[in-house]
Amino acid sequence: MPRPDPALLDPARYPFSCDIEPRFSDLDLNHHINNVAIAGMLEDARVRFYRAASAPDEFRGLATMVASISIEYLGETHYPDTLTLHGAVEHLGRSSQQLVQVVTQNGQPVVFARTVIVMVGPEGPAVLPESYRARAAQWTLRA
């Protein structure tokens with residue numbers, strides 16, 4: 001896969017960020033943070049993003065499902081240095097949205113991810129709530 005557009009690696013474009021401390025158990029045999037651990041951290045940051053971007057009752061009766069995720073590992077990640085995960089809505093569809101995330105460590109981009117998430121109700125795909133759509137502009141990728 002080609003590397004992401006360099007403009008997508010600028011943390012200033014992302015309205016959300018959180019810090020995650022790696023654990024020693026996240027290391028692989030080469031003493032880098034394991035790719036599976038990174039995927040878990042991306043998931044954790046997406047959950048934190050949704051908690052910040054939506055009202056508590058907004059998704060009542062609905063669930064979100066990851067339809068696809070691509071992760072580009074751009075550099076090595078090391079323990080015990082903090083990872084900062086930045087997130088933004090890249091695109092809203094009818095019942096889905098695309099989120100982008102860039103992970104930095106010591107100010108350098110080390111991971112880029114793009115995730116398509118589908119809203120699901122009792123009968124299958126559900127329309128994104130209008131209240132969420134109205135607020136989504138403040139959580140979209142900045143120009």
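These legends describe close-up views of a predicted model. Local features need pLDDT of at least 70 and side-chain atom pairs count only at pLDDT 80 or more, while totals for chains, interfaces and linings use all residues. Residues are numbered from 1 along each chain as its sequence is written, and side-chain values use heavy atoms, with hydrogens and water left out.

**View 1. The largest nonpolar core.** This core has 28 residues. A nonpolar core is a set of buried Ala, Val, Leu, Ile, Met, Phe, Trp, Tyr and Cys residues joined through side-chain atoms within 4.5 Å. Buried means under 20% relative accessible area, exposed over 50%, and partly exposed in between (1.4 Å probe, protein chains only). F49, L83 and L85 have the most contacts inside the core. β1, α1, β3, β4 and β5 each supply at least two of its residues. Helices (H or I, at least four residues) and strands (E, at least two) are DSSP runs, numbered from the N terminus. The largest share of this core, eight residues, comes from α1. A second, separate core has nine residues, among them L8, L9, A88 and L141.

**View 2. The surroundings of F49.** Neighbours within four places in sequence are left aside here. F49 is then in contact with F16, G87, A88, V89, L99, Y132 and W139. Contact means heavy atoms within 4.5 Å. F49 also lines the largest cavity.

**View 3. The largest cavity.** The structure holds one cavity of 30 Å³ or more. About 50 Å³ of space lies in the largest cavity. On a 1 Å grid over the protein atoms alone, a cavity is a set of points where a 1.4 Å probe fits but cannot get out, and a pocket is an open set with protein on both sides within 12 Å along at least five of seven lines; lining residues have an atom within 4 Å of a point. Grid points are joined across faces, edges and corners, and a volume is the space filled by probe spheres set on the points. The cavity lining consists of F16, A45, R46, F49, L85, H86, G87, A88, L99, V100 and Q101. The largest share, four residues, comes from β3. By class, the lining has seven nonpolar, three polar and one charged residues. Ala, Val, Leu, Ile, Met, Phe, Trp, Tyr, Cys and Pro count as nonpolar, Asp, Glu, Lys and Arg as charged, and the others, Gly among them, as polar.

**View 4. H86 in strand β3.** Strand β3 spans residues 83-92 and includes H86. H86 is buried, with a relative accessible area of 9%. Its side chain makes a polar contact with the side chain of T104 (3.3 Å). A polar contact is a pair of N or O atoms within 3.5 Å; within protein, one must be able to donate a hydrogen and the other to accept it, and residues adjacent in sequence count only if both atoms are side-chain atoms. Not counting residues up to four places away in sequence, H86 touches P11, Y14, F16, S17, V100, Q101, V102 and T104.

**View 5. The largest pocket.** The largest pocket has a volume of about 260 Å³. Its lining is formed by E43, R46, V47, Y50, R51, S54, F59, T64, M65, V66 and I117. α1 (35-53) and β2 (63-73) each supply at least two lining residues. α1 gives the most, with five. Six lining residues are nonpolar, two polar and three charged.

View 6. Most residues other than glycine have a negative phi, and most peptide bonds are trans. H31 is not a glycine, yet has a positive phi of about 65°. H31 sits in the loop between β1 (16-20) and α1 and is exposed, with a relative accessible area of 52%. N106, also not a glycine, has a positive phi of about 55°. The loop between β4 (96-105) and β5 (108-121) holds N106, which is exposed at 60% relative accessible area. A cis peptide bond joins Y79 and P80, with omega about 5°. P80 lies in the loop between β2 and β3.

**View 7. P125 in strand β6.** P125 belongs to strand β6 (residues 124-125). P125 is exposed, with a relative accessible area of 63%. Leaving aside neighbours within four places in sequence, P125 is in contact with S95, V118, M119 and V120. P125 and R114 are 11 residues apart in sequence and 20 Å apart in space, C-alpha to C-alpha.
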